[in-house]
Amino acid sequence: FWHHWLAGWLCTSLGRRVGDTLSLRWSDLFNKNGSYKHRMNTLKEEKTGKILGVRINALAQSVVNEYIEHFGINVLENYNRNIFDTGDAALRKALKEAVMETKIRGDISTHSFRKFYANTLYKLHPDDVDNLKVIQTILGHSSEEITKIYIGEIDRKIDKYNESSVWCR
């Protein structure tokens, strides 16, 4: 359970795909002196082959700290080891079971963590003119248009257009 909990939170707080998250090593998050790295500069995305300098934010640090404390993990002793020993299929199965157990409605998948991350950032910074460009960069998308589709902004605009009073009698 705990490793799925950590994987979900890391996907949510770092905006990475599940496969990339599950491939993390302790050395991706920590310096050799045991302090957190400012950015992950070692994670090569499986899908794109890009290395993105993902910031290890306070939420990610908090959940990692809780996990380390719960299991009494010495990061330096495990520095070059993988954090997770489970694959995508196990996490997907656990998430499916959790969704069924809690009776959450909707299309929920492991990719929902990444989309939640992107949508949260988008909605937290509505007045920033560079908002979409920043999210595009964080996600590693090739264009702002792809990011708009990804976060559902195009669907929201289509809904707004269709709710226009022009169509009302």
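Reader: Is Asp-127 buried or exposed?
Author: This is a predicted model: local features need pLDDT of at least 70, side-chain atom pairs count only at pLDDT 80 or more, and totals for chains, interfaces and linings use all residues. Residues are numbered from 1 along each chain as its sequence is written, and side-chain values use heavy atoms, with hydrogens and water left out. Buried means under 20% relative accessible area, exposed over 50%, and partly exposed in between (1.4 Å probe, protein chains only). Asp-127 has 74% relative accessibility, so the class is exposed.

Reader: Which loop holds Asp-127?
Author: Helices (H or I, at least four residues) and strands (E, at least two) are DSSP runs, numbered from the N terminus. Asp-127 sits in the loop between H6 and H7.

Reader: Which residues gather with Asp-127 in a patch of negative charge?
Author: Patches take residues with over 30% relative accessible area and no salt bridge; like charges are joined within 9 Å, and nonpolar side chains (Val, Leu, Ile, Met, Phe, Trp, Tyr) within 5 Å. Lys and Arg count as positive and Asp and Glu as negative, leaving out His and the chain ends. A charge is placed at NZ of Lys, CZ of Arg, CG of Asp or CD of Glu, and areas come from the Shrake-Rupley method with a 1.4 Å probe, where only the protein chains shown count as cover for residues. On the surface, Asp-127 gathers with Asp-128, Asp-130 and Glu-144.

Reader: Is Val-129 buried or exposed?
Author: Val-129 also belongs to the loop between H6 and H7. At 79% relative accessibility, Val-129 is exposed.

Reader: What pattern do the helices and strands follow along the sequence?
Author: There are nine helices and two strands in the protein. Read along the sequence, the pattern is α-α-α-β-β-α-α-α-α-α-α.

Reader: What share of the residues is buried?
Author: The C-alpha atoms fill a box of roughly 70 × 40 × 25 Å along the principal axes. The protein has 169 residues, and the buried share is 38%.

Reader: What is the relative accessible area of Arg-16?
Author: Arg-16 is placed in the loop between helix H1 (2–14) and helix H2 (18–22). Arg-16 is buried, with a relative accessible area of 2%.

Reader: Which backbone oxygen lies 2.6 Å from a polar atom of the Arg-16 side chain?
Author: A polar contact is a pair of N or O atoms within 3.5 Å; within protein, one must be able to donate a hydrogen and the other to accept it, and residues adjacent in sequence count only if both atoms are side-chain atoms. The backbone oxygen of Leu-14 is 3.2 Å from a polar atom of the Arg-16 side chain. At 2.6 Å, the backbone oxygen is that of Ile-138.

Reader: How many residues apart in sequence are the parts tied together by Glu-45 and Arg-16?
Author: A salt bridge is a side-chain nitrogen of Lys or Arg within 4 Å of a carboxyl oxygen of Asp or Glu. Glu-45 forms one with Arg-16, with closest N and O atoms 2.8 Å apart. Glu-45 is in the loop between strand E1 (39–40) and strand E2 (54–55) and Arg-16 in the loop between H1 and H2, so the separation is 29 residues.

Reader: Are Arg-17 and Glu-45 buried or exposed?
Author: Arg-17 forms a salt bridge with Glu-45, at 3.3 Å between the closest N and O atoms. This pair links distant parts of the chain, 28 residues apart: Arg-17 in the loop between H1 and H2, and Glu-45 in the loop between E1 and E2. Both residues are buried.

Reader: How many salt bridges does the whole structure hold?
Author: One of them joins Arg-156 and Glu-153, with closest N and O atoms 3.2 Å apart. A search of the whole structure gives a salt bridge count of four.

Reader: Why are Arg-156 and Glu-153 separated by about one helical turn?
Author: Arg-156 is partly exposed at 32% relative accessible area, whereas Glu-153 is buried at 12%. Both lie in helix H9 (residues 153–162), and the separation is about one turn because their spacing is three residues.

Reader: Is Cys-11 buried or exposed?
Author: Cys-11 is part of helix H1. Cys-11 and Arg-114 are 103 residues apart in sequence, yet 6.0 Å apart from C-alpha to C-alpha. With 0% relative accessibility, Cys-11 is buried.
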